[in-house]
Amino acid sequence: MCTAATYQTKDFYMGRTLDYEFSYGEKIAIMPRNYPLQYRHGLKNIEHYAMIGMAHVVEDYPLYYDAVNEKGLGMAGLNFVGNACYQEVKEGAVNVAQYEFIPWILSQCASLNEAKKLIQTMNLVNTPYNEQLPVASLHWIIADQSGSITVESVKEGLNIYENPVGVLANNPSFDKQLFNLNNYMSLSPKQPQNLFSKELDLQTYSRGMGALGLPGDLSSMSRFVRVAFTKMNGQSRDNERDSVNQFFHILGSVEQQRGCCEVADGKYEITIYTSCWNSQKGIYYYTTYNRRQITAVNMHKVNLDAQQLTTYPMLDDEEFYEQN
Ligand SMILES: C[C@H](CCC(=O)NCCS(=O)(=O)O)[C@H]1CC[C@H]2[C@@H]3CC[C@@H]4C[C@H](O)CC[C@]4(C)[C@H]3C[C@H](O)[C@]12C
């Protein structure tokens with residue numbers, strides 16, 4: 001499972017949790033403007049926008065899970081198992097392999113509007129990267145300061161949804177996730193009134209009773225509701241420190257602790273990493289399961305006119321700050 005969210009204060013933030021039972025050895029990868037982006041089915045863009053994100057790097061090629069470009073457009077791929085379905089390669093079409101979708105959009109689009117237009121021209125195809133890395137079943141959230149969309153390639157075709165919540169989880173399809181929020185419209189950060197019955201003297205005996213009924217489990221539909229409630233009601237000051245901190249608290253509402261989600265005998269899904277990027281500043285913040293201290297990588301600290309990828313291994317050891 002995974003969850004992604006956006007957050008607006010003075011700047012625009014976006015990020016995700018990556019929940020799984022094993023890691024592909026992902027790294028933070030900065031792709032500069034002159035990195036020779038090659039596409040499987042012959043598409044070309046020689047000079048392109050630079051981007052930073054989390055990727056599994058194979059043969060110097062970044063297989064991005066999530067990333068943001070220098071214009072502030074961000075994107076994240078989350079599991080959509082059983083629903084995702086990609087096209088066959090069509091001659092003469094703009095064939096984009098599923099693993100190329102993030103770099104293809106982020107290398108060319110400066111805004112969500114541009115991305116929406118470009119997506120219409122694309123044939124998203126089921127070509128695997130190689131035999132060891134078969135096609136993943138994903139759907140995507142794409143967002144910038146102006147809003148967000150969800151892209152789902154299913155049997156019936158490509159669905160592009162406006163995403164007014166700025167949240168994505170896993171199954172079911174996005175229209176159902178959004179509809180499900182109707183069930184929770186009475187939840188509130190305020191204390192409830194007794195609408196149950198005038199004949200009963202019902203009392204609030206604890207704080208936080210306005211959100212009673214907010215689902216607490218780790219299923220995808222429940223995480224969607226919980227992170228949406230947290231994000232929509234969350235409050236923070238608008239400076240960088242408070243915004244980033246608040247963002248990690250928002251995704252913290254859906255993080256997975258080892259032992260609570262068993263996927264096979266003795267195997268557990270955990271939140272391997274949580275990311276948060278500042279779209280304007282090109283800073284990629286992350287924490288890992290083992291390292292809760294927030295670490296930052298700034299794309300503008302490397303030469304963005306270069307040709308080579310710059311990668312940083314995820315720091316994964318907690319360093320306790322010893323106060324005495
Ligand atoms: C496993 C992850 C989703 C985690 C998740 O959601 N787990 C819940 C399970 S459940 O849905 O709740 O049952 C997803 C998210 C992004 C993916 C990579 C994207 C690039 C690349 C695409 C290639 O085609 C295949 C290899 C590749 C490296 C991918 C591997 C893997 O697929 C990644 C890490």
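These are my notebook entries on a predicted model, written as I looked things up.

**Entry 1: How confident is the predictor?**

I checked the confidence values before anything else. The chain has a mean pLDDT of 97, and 100% of its residues reach 70 or more. For the complex, the predictor gives an ipTM of 0.94 and a pTM of 0.97.

**Entry 2: What the record says**

I looked up the UniProt record next. An unreviewed entry there lists residues 2–312 as "domain: Choloylglycine hydrolase/NAAA C-terminal". In the model, this span is 16% helix and 33% strand. Its end C-alpha atoms lie 22 Å apart.

**Entry 3: The sheet of eight strands**

In what order do the strands of the open eight-stranded sheet come? I traced them as β11-β10-β9-β6-β5-β4-β3-β18, with antiparallel pairing. At the edges stand β11 and β18 (310–313); each has a single partner strand, so one side of each is left without a neighbour in the sheet. On average, neighbouring strands here are turned by 30° against each other, direction ignored.

Then I went through some of the pairs:

- β3 (residues 27–31) and β4 (residues 51–58) are antiparallel and share five bridges. I28 has M54 in β4 as its bridge partner.
- β6 (residues 74–79) is joined to β9 by six bridges, again antiparallel. Here G77 stands opposite W140.
- β9 and β10 (residues 147–154) run antiparallel with five bridges between them. I141 stands opposite T150 in this pair.
- β10 and β11 (residues 157–162) run antiparallel and are linked by six bridges. I149 faces E162 across this pair.

I followed the chain through two turns as well. β9 and β10 make a hairpin with two residues between them, and another hairpin takes β10 to β11 through two residues.

**Entry 4: A closer look at β9**

Is β9 enclosed or open to the outside? Seven of its seven residues are buried, so the strand is largely enclosed by the rest of the structure. I recalled that side chains in a regular strand alternate between the two faces of the sheet.

**Entry 5: D144**

I stopped at D144, which lies in β9 (residues 138–144). Why does D144 count as buried? I found 25 other C-beta atoms within 10 Å of D144, and the cut-off for being buried is 20 or more.

Which residues does D144 touch, leaving aside neighbours within four places in sequence? My list reads F12, G72, L73, G74, S111, L112 and S279. I also took the distance to L124: D144 and L124 are 20 residues apart in sequence and 22 Å apart in space, C-alpha to C-alpha.

**Entry 6**

Next I turned to helix α1 (residues 101–108), which is mostly covered, with six of its eight residues buried. The buried ones are F101, I102, P103, W104, I105 and L106.

Two of these names came up again in the largest nonpolar core, which has 78 residues. I52, I105 and L106 have the most contacts inside this core. For I105 I listed the contacts beyond four places in sequence: M75, A115, L118 and I142.

My last stop was an open sheet of six strands, in the order β12-β1-β2-β15-β16-β17 and with antiparallel pairing. β12 (167–168) and β17 (295–298) are at the edges with a single partner strand each, so one side of each has no neighbour in the sheet.

Within this sheet I looked at β1 (residues 2–8) and β2 (residues 12–20), an antiparallel pair with seven bridges. A5 stands opposite G15 in β2. Helix α4 (residues 220–233) lies across β1 and β12, and runs at about 15° to β1.

Note on methods: Residues numbered from 1 in each chain as written. Predicted model: local features only at pLDDT ≥ 70, side-chain atom pairs only at ≥ 80, totals over all residues. Core = buried A, V, L, I, M, F, W, Y, C linked by C-beta atoms within 7 Å. Buried ≥ 20, exposed ≤ 12 C-beta atoms within 10 Å, placed from the backbone. Contact = placed C-beta atoms within 7 Å. pLDDT = per-residue confidence, 0-100. Helix = DSSP H or I, 4+ residues; strand = E, 2+ residues; numbered from the N terminus. Pairing = 2+ DSSP bridges. UniProt positions renumbered as here; feature names shortened; annotations may be inferred. Axes fitted to C-alpha atoms, helices over the stretch in contact; angles between N-to-C directions.
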